[in-house]
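This briefing is meant for a reader meeting the structure for the first time. Please look over the sequence and the model before reading the points that follow.

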Amino acid sequence: MKKTKNYDEEYVTINGVEHYLLHYRTEQKAPVFVFIHGGPGQSEAMMAYIVEEYASRNYNIVYYDQRGAGKTYLRHKKARPDTEILKKDLLEIVLYVKKAYRKDKVGIIGHSWGSVLGSMFALEHPEHVSCYIGCGQVVNLIENERVGYNKLKEAIEQSGNQRDKKKLEKIGEYPQPDTFDMNSLRKMGKVRKLQGKYHLAADFDKNMIKMFIHSPIMGIKDILPFITGMMVNMQVMKELMSFDLKSKGETYPIPVYYVLGENDQQTPVELSMAYFSEIIAPDKKLYLIKNAGHIAMIDNPDDYRKAVCEIVESLGKE
């Protein structure tokens, strides 16, 4: 029997740019989450079906493509975002979703770069937020890269792979604080490729390609934003290099939950856990997803979804 479509797509004009929104709905009365993708510039809407499609959920969820990413980029290829405009876009997206679903507040799920936007939004606009969920949580990008690089170096040395050792040596100084240019982007790409090989970061392997092919919303033209995403978002990356979540404080006026892959070394799980231990919030809980790395929702979608459903249950008991 052929499955019927259980999602809705739309474009909404936000701050002069048509933004792509993907809705996975359950009941109208159920809570709603806004999912903020990573990158910068790497839409995760095409992966949403892995987590949300035909699964038992007690929440509605809206994925959106930021300007400079995914289907939003395809409508506005000349847009070159910075952090401030992406923050303004997110606020308008949240206000739109609140109105569309008739909610006073929405939950925020931020993944990787999205966890930067999500954390800042939770701290700056708590009046709109029921809870914040951080996945692949970024605390300090430079420290993330430094720890991840050292773990990669250890893994290569333990493997005895001289070829990979030479590749790492050719990369040179990494990370380079306070700067991000095309050379930095190339170095990051080489580091990510090696990290993926040693299961320390997201690996765009055959399984990932297969997942894209089977995505109900993915077409040939949607490949382009994945190629251009980081280049289009160079200004965001430059700003991200100096980001330090600790400088924003540890006191959140809303519940905070972290759902982390236990093997994540792209945003090293030990750094996320250390910051989480300092958080002061009305409620907080840390979920470690087994057999999962940086993209925990894809590595182990069942346990990731169970964690989100449990969070929703806990919110209902408050």
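In which helix is Met 211 found? In this predicted model, Met 211 is found in helix α8, which covers residues 206–213.

**Met 211 and its surroundings**

- Met 211 has a relative accessibility of 7%, and because buried means under 20%, this residue counts as buried.
- Leaving aside residues up to four places away in sequence, Met 211 touches Met 47, Tyr 49, Ile 50 and Ile 298.
- Met 47 and Met 211 lie 164 residues apart along the chain, yet their C-alpha atoms are separated by 7.3 Å.

**Salt bridges**

- Side chains of opposite charge can pair when their charged atoms come close.
- Arg 57 forms a salt bridge with Glu 52, with the closest N and O atoms 3.3 Å apart; Arg 57 counts as buried at 11% relative accessibility, and Glu 52 is buried with a relative accessible area of 0%.
- Glu 143 forms a salt bridge with Arg 146, with the closest N and O atoms 2.9 Å apart, and because the two are 3 residues apart in helix α5 (residues 141–159), they are separated by about one helical turn.
- Glu 143 counts as partly exposed at 31% relative accessibility, and Arg 146 counts as partly exposed at 34%.
- The side chains of Glu 145 and Arg 192 meet in a salt bridge, at 2.5 Å from N to O, and this pair links distant parts of the chain, with Glu 145 in helix α5 and Arg 192 in helix α7 (residues 182–197), 47 residues apart.
- Glu 145 is buried with a relative accessible area of 3%, while Arg 192 counts as buried at 18% relative accessibility.
- Glu 84, Lys 87 and Glu 124 are linked in a network of salt bridges.

Conventions: Residues are numbered from 1 along each chain as its sequence is written. This is a predicted model: local features need pLDDT of at least 70, side-chain atom pairs count only at pLDDT 80 or more; totals for chains, interfaces and linings use all residues. Side-chain values use heavy atoms; hydrogens and water are left out. Helices (H or I, at least four residues) and strands (E, at least two) are DSSP runs, numbered from the N terminus. Buried means under 20% relative accessible area, exposed over 50%, partly exposed in between (1.4 Å probe, protein chains only). Contact means heavy atoms within 4.5 Å. A salt bridge is a side-chain nitrogen of Lys or Arg within 4 Å of a carboxyl oxygen of Asp or Glu.
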